[in-house]
Amino acid sequence: MTLRTGPDARPSPPPPDPRPPTAPASFHVLAKPSGPICNLDCSYCFFLEKEALYPGDRFRMPDDVLAAYIRQTIEAETAPEVTIAWQGGEPTLMGVDFFRRAVALAEAHARPGQRLHHTIQTNGTLLTDEWCALFAEHRFLVGLSVDGPAHLHDTYRVDKRGEATFAKVRRGWDLLQRHGVDTNILCTVHAANQAYPLEVYRFLRDDLGARHLQFIPIVERVDDTGVPDDADVTDRSVDPVAWGTFLTTVFDEWVTRDVGTVFVQMFDAALAAWLGLPASMCIFAETCGNALALEHNGDLYSCDHFVEPEHLLGNIMTTHMVELVASSQQRAFGAAKRDTLPHYCLECEVRFACHGECPKNRIRRTPTGEPGLNYLCAGYRAFFGHVDGPMRLMADRLRGGGYADEVMATLRDAPRNEPCPCGSGRKAKHCHAR
Ligand code: SF4
Ligand code: SF4
């Protein structure tokens with residue numbers, strides 16, 4: 001490994017001593033080594049417009065920023081597990097050697113007893129045996145973007161010529177599997193696939209054989225109203241009710257046959273809420289502010305969804321990232337998630353699980369006209385209400401020393417003419433024992 005250093009390489013600041021008291025014990029930084037630059041041109045991508053933030057820039061993370069990111073991340077982490085996370089744009093545009101240098105730097109800086117986790121989110125179209133061998137050797141968790149089978153995936157996930165990408169993504173997935181790489185599918189839900197929850201889920205589970213899934217709603221604002229709380233959304237955005245139906249439909253399939261073998265991030269997050277555990281996804285936490293985004297040049301932003309001038313905290317080449325995370329600006333950003341909740345949410349029976357979801361989606365008004373209601377509210381109310389019974393069953397099993405997957409037999413094998421144990425009020429044969 002040769003790290004390009006030289007007269008132009010800049011030193012970056014040491015960690016503050018003492019550690020700022022407002023610094024969280026753990027936080028997460030998503031680094032974007034090629035900024036928003038991508039080899040694809042997905043219609044719904046919100047990163048591409050971010051090029052305007054850095055006019056004329058080549059969007060390539062230099063080695064001194066790479067070194068600062070790795071060292072400061074490791075210095076900032078108080079837990080024994082350290083995650084080095086990469087995203088884009090498309091991070092594989094940086095080339096394999098960039099990531100070899102990243103891994104070597106992390107290994108050189110890790111303190112005794114610290115365990116390193118490398119993660120990367122990719123569209124998968126540029127993967128080769130060389131990439132997959134690197135991922136396998138260093139146990140990268142690779143997130144691959146797939147929106148379902150080809151006819152759904154290719155609606156919006158196209159290349160710069162507007163051509164379909166599914167075949168290349170499938171090739172990338174097969175390569176990852178051949179090398180035994182740990183994978184996670186990131187499936188966005190939007191107008192084109194929202195009506196096909198089972199087709200999407202079964203494709204990911206059965207055709208791809210994926211075992212870790214994330215469903216992400218596409219909400220694309222169109223700020224043509226001039227009023228932030230009345231922003232419109234594009235036709236590609238998922239419909240709020242369809243989002244709820246998508247989640248509940250997948251949930252019903254999962255809860256009767258896949259608990260413990262297929263891991264759906266949203267369902268795990270819901271179970272954590274029903275168990276009274278801390279939120280496992282920032283969007284469902286009461287406050288946030290511990291998931292930041294690092295641009296290629298060292299600029300640190302409050303969140304990947306707020307890479308905007310007013311949410312720029314500073315640059316890690318001049319201020320250590322732990323100081324930026326601990327800053328009053330960032331703490332206020334995180335607290336605002338709780339402090340700006342409308343009364344409608346404060347009185348909501350599923351607030352303990354939802355917490356108004358992500359502030360970026362709070363672009364609607366409540367029935368009484370209060371601003372700040374989440375665009376997806378109808379979907380989340382339906383979903384969290386729907387899963388209440390099965391979640392209680394799973395949480396009870398776990399609290400009693402059993403296993404969550406016992407819920408599958410409880411629901412499937414219930415007497416068909418008796419009320420379904422999920423509490424829906426329907427006969428089991430018309431509910432989960434179908
Ligand atoms: S703004 Fe949204 S995505 Fe960003 S940290 Fe907060 S909840 Fe998470
Ligand atoms: S379901 Fe709707 S009302 Fe309830 S907390 Fe979530 S966004 Fe607020």
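Two strands pair if DSSP finds at least two bridges between them. With that in hand, here are some close-ups of this predicted model.

**View 1. Strands β2 and β3 side by side, with α2 linking them.**
Here β2 (81-86) and β3 (residues 115-122) run parallel and share six bridges. For a handy landmark, look for isoleucine 84, which sits opposite histidine 118 of β3. To get from β2 to β3 the chain goes by way of α2, and this β-α-β crossover is right-handed. The helix in question, α2, covers residues 96-109.

**View 2. One strand along: β3 meets β4.**
The pairing of β3 with β4 is parallel too, this time over four bridges. Threonine 122 faces leucine 144 of β4. The β3, α3 and β4 trio forms a right-handed β-α-β unit.

**View 3. Arginine 139 and its positive phi.**

**View 4. Histidine 355, another positive phi.**
Histidine 355 has phi near 50°, again positive in a non-glycine residue. This histidine belongs to the loop between α12 and β13 (364-365). Histidine 355 is buried, since 24 other C-beta atoms lie within 10 Å of its own and 20 or more is enough.

**View 5. Two cis peptide bonds.**
One cis bond links aspartate 17 to proline 18, with omega about 10°. Proline 18 comes in the segment before β1 (28-31). The other cis bond to look at joins glycine 88 and glycine 89, and omega there is about 10°. Glycine 89 sits in the loop that runs between β2 and α2.

**View 6. What surrounds ligand 2?**
The shell consists of Tyr344, Cys345, Cys348, Val350, Arg351, Cys354, Gly356, Glu357, Asn374, Cys377, Tyr380 and Arg381. Two or more of these residues come from each of α11 (343-346), α12 (351-354) and α13 (377-399). Helix α13 is the top contributor, giving three residues. By type, the shell splits into seven nonpolar, two polar and three charged residues.

**View 7. Into the largest nonpolar core.**
This core holds 113 residues, and Leu204 and Ala270 have the most contacts inside it. The biggest share comes from α13, with eight residues. Beyond its neighbours within four places in sequence, alanine 270 is in contact with Ala353, Phe384, Val387 and Met391. As a bit of background, nonpolar side chains tend to be buried together in soluble globular proteins.

**View 8. Leucine 247 and its partners from elsewhere in the chain.**
Leucine 247 is part of helix α7 (residues 240-257). It counts as buried, because it has 25 C-beta neighbours inside 10 Å against a cut-off of 20 or more. Which residues does leucine 247 contact, leaving aside its neighbours within four places in sequence? They are Phe215, Met266, Gly379 and Phe383. Check alanine 382 as well: its C-alpha atom is 9.1 Å from that of leucine 247, although the two are 135 residues apart along the chain.

Note on methods:
Residues numbered from 1 in each chain as written. Chains lettered and ligands numbered in written order. Predicted model: local features only at pLDDT ≥ 70, side-chain atom pairs only at ≥ 80, totals over all residues. Near = placed C-beta within 6 Å. Nonpolar A, V, L, I, M, F, W, Y, C, P; charged D, E, K, R; others polar. Core = buried A, V, L, I, M, F, W, Y, C linked by C-beta atoms within 7 Å. Buried ≥ 20, exposed ≤ 12 C-beta atoms within 10 Å, placed from the backbone. Contact = placed C-beta atoms within 7 Å. Right-handed = clockwise from strand over helix to strand, strands pointing away.
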